[in-house]
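Please have a look at the structure before reading on.

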Amino acid sequence: MAGIDYQRASRTNLLAWSLLFVAHAATGLLLLTLYALATVLSLLWVGLPLIVLLTPLIRGHADTHRTMLGHFLPDGPIPTPYHPLPPTGISHRAGAILTDPTTWRDLTWLLVNGLFGAVIAALPAMLIAQAAHLTLYSTLLWRDDPTYYGLIPPTDQTGALITLLPALLLILVYWVITPISVTGYAHLNRWLLAPNEKTRLAERVAHLATSRAETIDAQASEVRRIERDLHDGAQARLVALGMSLGMAEQMLARDPHTAQQLLTEARDATRQALTELRDLVRGIHPPVLVERGLDGAVRALAVTQHLPIDVDIDLPGRLAAPVESAAYFAIAEILTNAAKHADATRAWVRINHGGDRLVLLVGDDGKGGADLTKGTGLQGIRRRLGAFDGTISIVSPAGGPTIVTMELPCVLSSPKTSPSSAMD
């Protein structure tokens, strides 16, 4: 969300925002007072349920403020720093809340914003209110209140109109200072509410630990799949092949015709075993991906699908092999879902690289309703991309279309290899 151009924004609009910020600051002071009371009562245990009840309110209040400030900050809304609380147990939840550094940062924000931020936000309103009062005084109120802040009272209407000069000066100050006031308020709150370096480092460590665990689980699952495919497929055929060759060896002298049939069956079993092994290798790492890179592999994948796929790829170089593999299998999984579950009649793939990020866009015109929280396929894609700090987002309203956006931080490692040169 882009920040507002303060110099061109309507002063009335900024004034309304500043009054809203003041109301939020006052609400924050009320929550802070209740939280302080609950903390004192927690010595008698009675306050623990209140702490558990008030914490979501304070965090929701802070998150609402983070979203509001996104209108006035160039980098958009401030990210939330909170971690999930323990699901059960008042004591455990209260303990997690009181030992969480973000709790105390929120309380500090409530205090500072309520005492100082509210003054900064209220400055435009105070200026325009004073200017309005001066204007009323110069036209009407001077008759009922001849003294104004101890100054020499006017004796007639002409003398009272002199107070219009400071009113105009206040309006000019209001016009100049309103954007500065809102900007200062927004940056003060960003400093108080944005995750600090320690919090970001902790989140980074937690994310890496989660990604590592998910990657290990995915690798273990993949190994089990390969073992199962080998055991049920190629291994079983090779065992049968060995038995057929043994029987043919025994019958070669006394029944050459039967031995020849067994050898023919063995040759067919060998061909089928080789086919299954090739398919297994493609499932691990397709040879076309090694030879032609992500560009050629995705184009080859599109040809093999059961629905027309429009492919648009702009990659001026090769990616690291693990990144290519993750991107390829993510695209393959999404296209498979489009063909099997979405009732799509066409799909499209867009791939480009810029700013050291690989952006993958896969869409279809199917019935929609795809949900990242449901289905093992999409969760597997999320885990696969998460191992590289990648992200996935889905827009899939009922009735379609479905658009899946994936991003992977990476750099191009070598010049692009064209399909034709790779085949020479």
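A residue is called buried under 20% relative accessible area, exposed over 50%, and partly exposed in between (1.4 Å probe, protein chains only). By that rule R318 is buried, with a relative accessible area of 15%. Its salt-bridge partner is E324, which is buried too at 3%.

Please keep in mind that this is a predicted model, where local features need pLDDT of at least 70, side-chain atom pairs count only at pLDDT 80 or more, and totals for chains, interfaces and linings use all residues. Residues are numbered from 1 along each chain as its sequence is written, and side-chain values use heavy atoms, with hydrogens and water left out.

**Confidence.** pLDDT is the predictor's confidence in each residue, from 0 to 100. The protein's mean is 77, and 75% of its residues reach 70 or more. Over residues 416-424 the value stays under 50. Where pLDDT is low, the predicted coordinates should not be read in detail.

**Salt bridges.** A salt bridge here is a side-chain nitrogen of Lys or Arg within 4 Å of a carboxyl oxygen of Asp or Glu. The count comes to 8.

| Pair | N to O distance |
|---|---|
| E324 and R318 | 2.8 Å |
| D106 and R66 | 3.8 Å |
| D343 and K367 | 3.9 Å |

D106 in helix α4 (residues 101-139) and R66 in helix α2 are 40 residues apart, so this pair links distant parts of the chain; helices (H or I, at least four residues) and strands (E, at least two) are DSSP runs, numbered from the N terminus. D106 is buried at 4%, and R66 is buried at 1%. D63 joins R66 and D106 in a network of salt bridges. In contrast to the buried D106, D343 is exposed at 55%, while K367 is partly exposed at 47%.

**Nonpolar cores.** A nonpolar core is a set of buried Ala, Val, Leu, Ile, Met, Phe, Trp, Tyr and Cys residues joined through side-chain atoms within 4.5 Å. The largest has 36 residues, of which L294, V298, I331, I351, L358 and M406 touch the most other members. Helix α10 gives the most to this core, with 9 residues. Another core, of 28 residues, lies apart from it and includes F21, L69, V182 and Y185.

**Surface.** W175 is found in helix α6 (residues 164-193) and is partly exposed, with a relative accessible area of 48%. P56, in helix α2 (residues 47-69), is partly exposed at 41%.

Note on methods:
Contact = heavy atoms within 4.5 Å.
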